[in-house]
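The following briefing is meant to be read beside the sequence and the 3D view.

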Amino acid sequence: MLAITIFEDTTQIVVGKKIKNKLEIKSLISYKSIYEAYINKDVNSLTMYFDEIVSLTKCKTDIYFILPDAVFNINYFYYPTNSEKQKDIDKFLQTNNIDTDKYYYSLPFNLKSAAFSWKTVYSIEKTYIDSLLQASKNVNLLIKSIEPLSFCAIRYKNTFQQETYIFEIYKYGASIVMYSPLAGLFKMNLSKEYTIDNLKTKNSSMMLSDALLQANAVAKNKFKAITGNADIHVFSTKENVSRLAFASTDENARIYKTRPNSNLITKKYNQIEIDTYYIGIGSLLQELEPPRLKYIKINSANILPEIVKESTKLIELEQNIKKASKITMLMFTFIIGVQSVFLYYLSTITIPEQLQTDFNYANKQIISLKKEDGIIKNVKKQTEPIQPILSEILANKPDNNTLGFTKLSINNQRDKKVNNDWIKINLVSKDPIKIQEFSSKLNSDRFKNIMLTKIDNTVDGINSAEISIAKVVKNTPKKNKNTNKEKDE
């Protein structure tokens, strides 16, 4: 697991490992800033940076990106139902003017009631995410999550039951993110006078206090749940954060009042080091069990599009199958080696004649038993095991990212009536020829009745298709009852 947090002045890297329901911190690394490349959507520069990070960490899978909130929209809205159906979510987003053709979104916070709820919505222009995805694809990174900085900060605090203010003050802009356990999250953008360059030349303490008063005034109209009794986090460039005298902010750190997290395993890092990298750690904590709160449902703020999430799951499954196959081969190699040594030892021993006779007799009995066992197994074997089927399908999938699965179902029922729905595969590709090639490569003794039942050209030039594979059923000839009766007579 590798978390990459993009700050304006630096890039923080956290390498972790999940052990049961704990997160072990393996490495904490400070890397050069990639903020300019990210904010300008410079795919070539991002590709170069990601290639260096892979060389530095030797990690290409389970990548978690954390982005500043500057280009995110964060709002909370009334949701008139408790339905989790996609059609109801789509209607809710449309009602609140969130254009899903231009924005990716996540719904990480849900304040529940008997009949309705309030939902927090993070949204971001697709181009910011697509540039990261393309650069990651160029170096074969397997991205599992992209989250906004503010949500990772709140998750690390190890409690969703206290209010929080998060000031993010950068060269290009500034904003305040407010969190309340009674409503969710809300963001207010500050004017240009609150950017770093302006705060350097003015009374930053007074200006930030004024900004807090503005935030409370806005909250009274738009975010009434906030009370103002909250922890304050200040994020800025490391060289300037100590100059921003504000409230009780720790002048030697990026943050105010962090708490040790009981879900962490730290063998070689102290609490100060952990607190410095706590945003990346906060994102990795999404893989552990979420807090159980009575009135609040907490999800991940992962902004990745669903098609990427599904593709990542299938690639992980393929990797796990390959890993299991390698382990199995090593075990067989070891067993064969042991058997070879044992057989060599036996070949040096003189066997008595009577023992040899008994061995030959036992061998004949074993052959008979094996034949009977084979008959029994053939009778019992009504369905095929799923793993060999899945392995053969994945073996025919291209190793690159030119073809992705969105759905794979295998019907393992014994009823012969459903043989036409034995296997169904939904997949996507920018090149329709890749879909045809994959369908052709599947043809084998196992898969004979292959049909490409649907292929469509969807938005952004992506082709979607459906493949249906029917099971070959061998019809057993029925006995002629009349003939049997005639023989009996």
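An open sheet is formed by 6 strands in the order 8-4-1-2-3-13, with mixed pairing; two strands count as paired if DSSP finds at least two bridges between them. At the edges stand strand 8 (143-148) and strand 13 (264-265), each with a single partner strand, so one side of each has no neighbour in the sheet. This is a predicted model, in which local features need pLDDT of at least 70 and side-chain atom pairs count only at pLDDT 80 or more, whereas totals for chains, interfaces and linings use all residues. Residues are numbered from 1 along each chain as its sequence is written, and side-chain values use heavy atoms, with hydrogens and water left out. Helices (H or I, at least four residues) and strands (E, at least two) are DSSP runs, numbered from the N terminus.

**Sheet edge and the helices across it**

- Strand 4 (residues 63-67) pairs with strand 8 in the parallel sense over 5 bridges, and L67 stands opposite P148 in strand 8.
- Helix 4 (residues 126-138) lies across strand 4 and strand 8, running at about 150 degrees to strand 8; axes here are lines fitted to C-alpha atoms, for helices over the stretch in contact, and angles run from 0 to 180 degrees between N-to-C directions.
- Helix 5 (residues 149-156) lies across strand 4, strand 8 and strand 13, and its direction is at about 90 degrees to strand 8.

- In helix 3 (residues 86-95), the residues I89, F92 and L93 are buried, where buried means under 20% relative accessible area, exposed over 50% and partly exposed in between (1.4 Å probe, protein chains only).
- These three residues cover an arc of only 95 degrees around the axis, which puts them on the same side of helix 3; the arc is that of the directions from the helix axis to the C-beta atoms.
- The face of helix 3 turned away from its buried side carries the exposed residues K87, K91, Q94 and T95.
- The cover over the buried residues of helix 3 includes strand 5 (72-79), strand 6 (103-112) and strand 7 (117-125), contact being defined as heavy atoms within 4.5 Å.
- Helix 3 is followed by N97, which has a positive phi, near 60 degrees.

**Salt bridges**

- The structure holds 5 salt bridges, each defined as a side-chain nitrogen of Lys or Arg within 4 Å of a carboxyl oxygen of Asp or Glu.
- K32 forms a salt bridge with E52, the closest N and O atoms being 3.2 Å apart. The pair links distant parts of the chain, 20 residues apart, with K32 in the loop between strand 3 (22-31) and helix 1 (35-39) and E52 in helix 2 (residues 43-57). K32 counts as partly exposed at 42% relative accessibility, and E52 counts as partly exposed at 31%.
- K144 forms a salt bridge with D62, with the closest N and O atoms 3.9 Å apart. This pair also links distant parts of the chain, 82 residues apart, with K144 in strand 8 and D62 in the loop between helix 2 and strand 4. K144 is partly exposed, with a relative accessible area of 26%, while D62 is buried, with 19%.
- R155 and E147 meet through their side chains in a salt bridge (2.8 Å, N to O). R155 counts as buried at 11% relative accessibility, and E147 is buried, with a relative accessible area of 0%.
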